Amino acid sequence: MESKTLFAKTPPLKLFFIASFPGAVSMLASALYQLLDGMLVGQILGETSFAALNLAMPFVIINFALADLIGVGSSVPIAMNLGKKKDEEANNIFSCACLLIVGTGLAIGAVLFAAAPVLMRLMGAEGVLLAEAVSYMRVYALCSPVTTIVFAMDNYLRICGKIRFSMFLNILMSAMIAGLEFTFLRFLRFGIWGAALATCIGMATCALIALFRFTRGRLQLRFCRPRFSLAMIRRIVSCGSPNFLNNIAGRITSILMNTILLRVGGQSAVSVYGILMYVEGFIQPLLYGMCDSLQPAVSFNWGAGDRKRVSAIERCCFSASAIVSLLSSAVIFFLPGVLAGVFVGNGAPEYFAMAVTALRFFALTYLTRWFSFAVQSYMLAVENPLGASVISLSFALIFPVLLIAALWPLGLTGIWMNFAGTSLLTGLLAGFILLRFQRNSRKAMYCSTDSN
């Protein structure tokens, strides 16, 4: 379906199911390879390799976060320009963004490859743990120029209305990564670097398939001779900064948590924290997939000035996010042993018990997480990056660090409680930001009406 017809004419509830269901499935498929990555490494290579993966992963995600900054940051102005019928400007932003992502991947990949040993030593890794963490990170660094663009392609395909194609491409990527990783680790007996190589091959393949669709010239977005400008780059950075800050701040928090856990609870505590991150990595893409898949429609209609349609779309987004989040909370709380067993395998009973306790505390996070997540997505879609950035930074860094200090006397229990406390505080903050934004928007609309 043509994106303009889809975003502007389709009834909001129908649009939600057309866009959000494939979007959620697409993001879930993308997240599935991360879950399988942890499962295969933990079950086949053991606890040390699983801990090495979790030590290196924050830096891998930082690398992808820079590409996401450009991909998400360009998607909002692209969709708004399409809503204003400025197709030529949309195509220029699209072309420039693709070049920026490849260039950024090359530069950051080179830095991470060279700095990997120093970074892992600073986190306290030694011996086998150090060697495995470095080899895992360096494979991602080498492949960075051809892998980091894959998630931006997902955004651009949805803007063009190719939501199902994007979904099938993500499913293909997950299936390819899972098959390659199982083959590399189980049959070829590769080390942890084989897990990273499998992921990079799958990502690069799907990125090239997506790029080929755009080179054919049949989609609404087309490559053109890029015309860079400082104003365009500032707008991309401004719109992409909330997601970027969330990713970077979240990884800084993860690095801090891993460093503390390695010293307070040892390798087992780091592995348990990794389990929590993998569970989050399964739920968050569902929330992100639903909200993010509707962002092009919200931005399009906001650019076209149709505020009622924007409100109707967002009501669907908030309701669905609440349902998914609350169901996730119930599953984690009542089935922690099942979830822990997926990663722990034949680990020590103390390790298993620690994981079960941590998961029960972690389940409380999703009683409130849905609200701040939906508000942040809405702020980003209507080009209010300041509000979205405040929410993302508070959730990813400010509140977690404050609660580390406040709950320090509780030891490991305080760290496991950190997630739920952070989610509650961020939800209250998001409510304040949403009410203030709505009040200011109404005032602006009344002033505009009076002046006319």
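For the residue classes used in these legends, Ala, Val, Leu, Ile, Met, Phe, Trp, Tyr, Cys and Pro count as nonpolar, Asp, Glu, Lys and Arg as charged, and the others, Gly among them, as polar. All views show a predicted model.

**View A. Lining of the second largest cavity.** At least two residues of the lining come from each of helix 3 (47–83), helix 6 (150–159) and helix 10 (266–304).

**View B. Packing of helix 3 against helix 4.** The axes of helix 3 and helix 4 (residues 87–122) are 9 Å apart and form an angle of about 170 degrees. Because angles over 145 degrees count as roughly antiparallel, helix 3 and helix 4 are described as roughly antiparallel to each other. The contact of helix 3 with helix 4 has 19 nonpolar, 6 polar and 2 charged residues.

**View C. The second largest pocket.** The volume of the second largest pocket is about 270 Å³. Of the 15 residues that line this pocket, Val 279, Phe 282, Ile 283, Val 331 and Leu 339 lie nearest its centre. Two or more lining residues are given by each of helix 2 (12–45), helix 10, helix 11 (307–334) and helix 12 (336–344). The lining of the second largest pocket divides into 14 nonpolar residues, 1 polar residue and no charged residues.

View D. Ser 325 is placed in helix 11. The relative accessibility of Ser 325 is 0%, and this residue therefore counts as buried, the cut-off for that class being under 20%. When residues up to four places away in sequence are not counted, Ser 325 touches Leu 287, Tyr 366, Arg 369 and Trp 370.

**View E. Asn 384 in the loop between helix 14 and helix 15.** Asn 384 lies in the loop that runs between helix 14 (369–381) and helix 15 (385–406). Leaving aside residues up to four places away in sequence, Asn 384 touches Met 379 and Phe 437. Asn 384 and Ile 44 are 340 residues apart in sequence, and their C-alpha atoms are 45 Å apart in space.

Notes:
Residues are numbered from 1 along each chain as its sequence is written. This is a predicted model: local features need pLDDT of at least 70, side-chain atom pairs count only at pLDDT 80 or more; totals for chains, interfaces and linings use all residues. Side-chain values use heavy atoms; hydrogens and water are left out. Helices (H or I, at least four residues) and strands (E, at least two) are DSSP runs, numbered from the N terminus. Axes are lines fitted to C-alpha atoms, for helices over the stretch in contact, and angles run from 0 to 180 degrees between N-to-C directions. Angles under 35 degrees count as roughly parallel, over 145 as roughly antiparallel, 65 to 115 as roughly perpendicular and the rest as oblique. On a 1 Å grid over the protein atoms alone, a cavity is a set of points where a 1.4 Å probe fits but cannot get out, and a pocket is an open set with protein on both sides within 12 Å along at least five of seven lines; lining residues have an atom within 4 Å of a point. Grid points are joined across faces, edges and corners, and a volume is the space filled by probe spheres set on the points. Contact means heavy atoms within 4.5 Å. Buried means under 20% relative accessible area, exposed over 50%, partly exposed in between (1.4 Å probe, protein chains only).
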